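Please examine the sequence and structure shown below.

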Amino acid sequence: PNQLMKVGDAPARIRRLGRPIARLRFIVADQGQATCTAFLVGRRLLLTNQHCIATDDERASALVDFFYDADDSVASGQRVAGIVASDRGLDYTLLRLTGDPPAGTGRLFFAPLTWAWPADAHPLVIVQHPSGLPKRASIADCSTAGDARVGVLPGEPTDFGHLCDTLGGSSGSPVLD
């Protein structure tokens with residue numbers, strides 16, 4: 001069963017971790033509007049998947065909705081100024097916002113290079129915007145499932161597996177330890 005919970009119903013720690021996570025809306029040529037998830041990694045730097053935003057046309061159409069946490073939330077629609085870096089093989093795009101994010105947004109930090117995957121299943125959390133919906137959290141039964149999975153490029157073990165609930169639109173969500 002889908003065990004995604006509204007972020008407002010999640011523990012306070014998860015709600016705090018979810019502040020830098022935003023819904024990303026953009027136009028895909030010949031398909032219309034699509035959604036993904038993105039998160040702040042710097043003052044105006046937002047990270048998502050490359051398969052979400054790969055072209056300047058997609059970037060130009062992108063709107064970022066911070067604090068889209070409930071059905072009655074107002075979509076903020078912040079613009080994206082440019083693509084800073086992108087890699088198809090690692091499936092990431094780093095975006096620069098046109099202005100500062102809303103006050104209280106915060107940012108997420110990466111694990112240090114010395115961090116190593118635990119040998120056994122390890123609990124995780126994914127805060128996301130599945131199907132473009134208000135923010136949800138995958139907590140129940142959310143854990144690692146392998147540390148060397150083939151990613152976008154055939155034969156390249158750049159990914160890891162997880163057993164967390166996600167849906168389309170969750171791409172670009174941070175996987176939190």
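In this predicted model, Asp65 is buried, with a relative accessible area of 0%; buried means under 20% relative accessible area, exposed over 50%, and partly exposed in between (1.4 Å probe, protein chains only). Because the model is predicted, local features need pLDDT of at least 70 and side-chain atom pairs count only at pLDDT 80 or more, whereas totals for chains, interfaces and linings use all residues. Residues are numbered from 1 along each chain as its sequence is written, and side-chain values use heavy atoms, with hydrogens and water left out.

**Salt bridges**

- A salt bridge is a side-chain nitrogen of Lys or Arg within 4 Å of a carboxyl oxygen of Asp or Glu, and the count by this rule is 6.
- Asp65 forms a salt bridge with Arg25 (2.6 Å, N to O).
- Arg25 lies in strand β2 (residues 21-28) and Asp65 in strand β5 (residues 63-65), so the pair ties together parts 40 residues apart in sequence; strands (E, at least two residues) are DSSP runs, numbered from the N terminus.
- Arg25 also counts as buried, at 15% relative accessibility.
- Arg23, Arg25 and Asp65 are linked in a network of salt bridges.
- Lys135 and Asp69 meet in a salt bridge of 3.0 Å, N to O; Lys135 is buried at 1%, while Asp69 is partly exposed at 28%.

**The sheet**

- An open sheet of 4 strands has the order β1-β9-β8-β10, with antiparallel pairing; two strands pair if DSSP finds at least two bridges between them.
- β1 (5-6) and β10 (175-176) stand at the edges with a single partner strand each, so one side of each has no neighbour in the sheet.
- Met5 stands opposite Ala137 in β9.
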